[in-house]
Amino acid sequence: MDAATLTYDTLRFGEFEDFPETSDPVWILGKEFNALTEKEDIFSDVTSRLWLTYRKNFPPIGGTGPTSDTGWGCMLRCGQMILGEALICRHLGRDWRWVRGQPQKEEYISILNAFLDKKDSYYSLHQIAQMGVGEGKSIGQWYGPNTVAQVLKKLAVFDSWSRLAVHVAMDNTVVIEEIKRLCMPWLDYGGGACADPQGGMSEPNGCLEGACALAEEETALWKPLVLLIPLRLGLSDINEAYIETLKCFQLPQSLGVIGGKPNSAHYFIGYVGEELIYLDPHTTQPAVEPGEDGQVPDDTYHCQHPPCRMHICQIDPSIAVGFFCRTEDDFDDWCARVRKLSHSRGGLPMFELADRQPSHFSCSVDVLNLAPDFFDSDRLERFFDSEDEEFEILSL
């Protein structure tokens, strides 16, 4: 037990069910597999996702805070995993595969370094926990999907290497105009807020959520988009009308879903039949430090047992869905696919796709995009994270 402390949800660590022998297609983050003939490919794909779990013996958060997140950090770890998948797609590509013991690419090392448990890593537990204080969450308090999405959006501002545009779509609505302003801040998209009164362009950081200073040669490009959509698909249980549309893992832009069930948060990466496939953060492992050669011991960052599964009806209705669009064409393709799915599948669409801000929005585009304190998230946080009390804190 020195290598890992197993909590309530991973006491079955040595008893994971093998993947089912089924003719149903297996979907993993936009990739389709055959469980009968491609089982090794399925395992390779799952193992290649970053697996961020509880850790122990890391430097105290804030200098005097916790040195382990066992019992409270599961949703923070799920947030790390969904953003880690975005970074892999951004820097290595969706088809990249991790092979144990293989020399590590520089980009891969940089991605791992962004999640190490220390205060100067972009997306470390330390950064998420301390940034969450501004969202009203004390260090050691459980997060809901909406809160972790808002914190990741704030942290991405400082990641000058990845230069991601992170957008959190509120009110169950994705507004295309808002996203194009965010990803192309140098354009006066639709005569929007980026134009100053003299007819020039305002500074990106003064115009858009999380926009970084841009180099001249990049002004004709699209900033890679991470789209996070907090949703509530029922009261205490998921409304069955959303089950078919929740199977959004078929979309090539899919980053998966963060959510869970009472007492645990999971990172959902696919489905087979009526079962969701997920990575479980509820294993406590020692904190990792890079070696003298800069290499990061990475075996514990990849899940090397058959993936976990649960029936789709067991998922808690409070979730956040993620998508990654590297280019404007990717985003336009995503919009077309979402509209097609909303008309072709049974059930209710999980969110609305609008060209411009709907009139029923209670605050303006400027408030949604400009406010550094994310008044929109404060306004709706109790709605999206209202199930927090069902996630119990475990004894250490």
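Here is a short chat about rings, strands and cavities in this predicted model.

Visitor: How many aromatic pairs turn up in the whole structure?

Guide: A search finds nine aromatic pairs. Take Phe249 and Tyr271, whose ring centres are 6.3 Å apart with 45° between the planes.

Visitor: What makes Phe249 and Tyr271 a pair, and why is the pair called tilted?

Guide: Centres have to lie within 6.5 Å to pair, and this couple comes in at 6.3 Å. Stacked planes are under 30 degrees apart and edge-to-face planes over 60, with the rest called tilted. An angle of 45° falls in that remainder, so the pair is tilted.

Visitor: Where in the chain do the two partners sit?

Guide: Phe249 is in the loop between helix 7 (243-246) and strand 8 (254-261), while Tyr271 belongs to strand 9 (residues 264-272). They are 22 residues apart, and the pair links distant parts of the chain. Phe249 and Tyr271 are both buried.

Visitor: Why are Phe331 and Trp334 called stacked?

Guide: Their planes make an angle of 15°, and stacked needs under 30 degrees. The centres are 5.9 Å apart, within the 6.5 Å limit, so the pair counts as stacked.

Visitor: What separates Phe331 and Trp334 along helix 8?

Guide: About one helical turn, because they are three residues apart in helix 8 (residues 328-344). Both Phe331 and Trp334 are buried. They also belong to a cluster, linked by ring pairs, with Trp222, Phe323 and Phe351.

Visitor: What sits over the ring of Tyr301?

Guide: The charged end of Arg55, at 4.4 Å from the ring centre. The distance cut-off for this call is 6 Å, and 4.4 Å meets it.

Visitor: How do you know that strand 7 is mostly covered?

Guide: Eight of the eight residues in strand 7 (residues 225-232) are buried. Leu225, Leu227, Ile229 and Leu231 cover one side, and Val226, Leu228, Pro230 and Arg232 the other; all of these are buried.

Visitor: Which strands pair with strand 7, and what makes them count as paired?

Guide: Pairing takes at least two bridges. Strand 5 (residues 165-168) has four bridges to strand 7, in the parallel sense. Strand 13 (residues 318-325) has eight bridges to strand 7, in the antiparallel sense. For two landmarks, Val166 stands opposite Val226, and Leu228 has Gly322 as its bridge partner in strand 13.

Visitor: How many cavities of 30 Å³ or more does the structure hold?

Guide: Five. Of its 13 lining residues, Thr245, Val338, Leu341, Met350 and Phe351 are the closest to the centre. Helix 7 and helix 8 each give two or more residues to this lining, and helix 8 has the largest share, with three.

Visitor: What is the lining of the largest cavity made of?

Guide: Eight nonpolar residues, two polar and three charged.

Visitor: Why is Cys248 called buried?

Guide: The relative accessible area of Cys248 is 5%, and buried means under 20%, so Cys248 qualifies. Cys248 is in the loop between helix 7 and strand 8.

Visitor: How far apart are Cys248 and Leu341 in sequence and in space?

Guide: They are 93 residues apart in sequence, and 9.0 Å apart in space from C-alpha to C-alpha.

Key:
Residues are numbered from 1 along each chain as its sequence is written. This is a predicted model: local features need pLDDT of at least 70, side-chain atom pairs count only at pLDDT 80 or more; totals for chains, interfaces and linings use all residues. Side-chain values use heavy atoms; hydrogens and water are left out. Rings of Phe, Tyr and Trp (its six-membered ring) pair if their centres lie within 6.5 Å; planes under 30 degrees apart count as stacked, over 60 as edge-to-face and the rest as tilted. Buried means under 20% relative accessible area, exposed over 50%, partly exposed in between (1.4 Å probe, protein chains only). A charge sits over a ring if NZ of Lys or CZ of Arg is within 6 Å of the ring centre and within 35 degrees of the ring normal. On a 1 Å grid over the protein atoms alone, a cavity is a set of points where a 1.4 Å probe fits but cannot get out, and a pocket is an open set with protein on both sides within 12 Å along at least five of seven lines; lining residues have an atom within 4 Å of a point. Grid points are joined across faces, edges and corners, and a volume is the space filled by probe spheres set on the points. Ala, Val, Leu, Ile, Met, Phe, Trp, Tyr, Cys and Pro count as nonpolar, Asp, Glu, Lys and Arg as charged, and the others, Gly among them, as polar.
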